[in-house]
Amino acid sequence: YHPFVYRVALGLCGCREDSADIVQETFLAFLDNVESFDSGRAKVSTWLYRVARNRALDRYRRRARERGVVERLEPSTEGSRDGLIQEQEQRTWLRAALPSLPPRAREVFVLRVGLGKTTEQTAELVGCSRAAVAVALHSACQKLKSAREGLDSRERNNEKPA
């Protein structure tokens, strides 16, 4: 479950170092509470997700207040140089834009798009209906699209003819 918990933490709090700490805290919390874990009520992955989610959101809020800055995602190491640069720019933009989303929309976007979870898996992890997941994902995509269009428009308006 380590990669899953790490990606959840990174997607929600945005900081590699904090994400590593959140993973450790999540597994320590599981070990501390393993006797009370009821496998009939929840899956291990769901329990780990909820603990990591809560810790990541708390950490994100605290860091955002402390620094007022969102750290960047790690760039991918796959693909061509131009593709890597474009992917890194897109990740950088997305990492900066995610905090503008409402918490539920951000969480659903990270799970569905960032982690590739199904609508059903996302609904189970977040604790809402599939319809609520669809609405939150649509809202997140619309807000991100509008933000990107606004950025592109500002960049075009600031360009000076040669």
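**Exercise 1. Which residues in H1 meet residues in H2?**

Solution. The structure is a predicted model, in which local features need pLDDT of at least 70, side-chain atom pairs count only at pLDDT 80 or more, and totals for chains, interfaces and linings use all residues. Residues are numbered from 1 along each chain as its sequence is written, and side-chain values use heavy atoms, with hydrogens and water left out.

Step 1. Helices are DSSP runs of H or I with at least four residues, numbered from the N terminus. Helix H1 covers residues 2–13, and helix H2 covers residues 16–33.

Step 2. Contact means heavy atoms within 4.5 Å. On the H1 side, the residues are His 2, Val 5, Tyr 6, Ala 9, Leu 10 and Cys 13. Their partners in H2 are Arg 16, Asp 18, Ser 19, Ala 20, Ile 22, Val 23, Thr 26 and Phe 27.

**Exercise 2. Determine how the axes of H1 and H2 are arranged.**

Solution. Step 1. Axes are lines fitted to C-alpha atoms, for helices over the stretch in contact, with angles from 0 to 180 degrees between N-to-C directions. The two axes come within 8 Å and cross at roughly 130°.

Step 2. H1 is therefore oblique to H2, since angles under 35 degrees count as roughly parallel, over 145 as roughly antiparallel, 65 to 115 as roughly perpendicular and the rest as oblique.

**Exercise 3. Classify Arg 53 and Thr 122 by their accessible area.**

Solution. Step 1. Buried means under 20% relative accessible area, exposed over 50%, and partly exposed in between (1.4 Å probe, protein chains only).

Step 2. Arg 53 lies in helix H3, residues 44–67. Its relative accessible area is 23%, so Arg 53 is partly exposed. Not counting residues up to four places away in sequence, Arg 53 touches Val 8, Leu 12 and Glu 107.

Step 3. Thr 122 belongs to helix H6, residues 119–126. With a relative accessible area of 0%, Thr 122 is buried. Beyond its neighbours within four places in sequence, Thr 122 is in contact with Val 108, Leu 111, Arg 112, Lys 117, Gly 127 and Val 133.

**Exercise 4. Identify the helices in which confidence is lowest and highest.**

Solution. Step 1. pLDDT is the predictor's confidence in each residue, from 0 to 100. The chain has a mean pLDDT of 79, and 78% of its residues reach 70 or more.

Step 2. Confidence is lowest in helix H4 (residues 81–97), at a mean of 72, and highest in H2, at 90.

How values were computed:
Helices (H or I, at least four residues) and strands (E, at least two) are DSSP runs, numbered from the N terminus.
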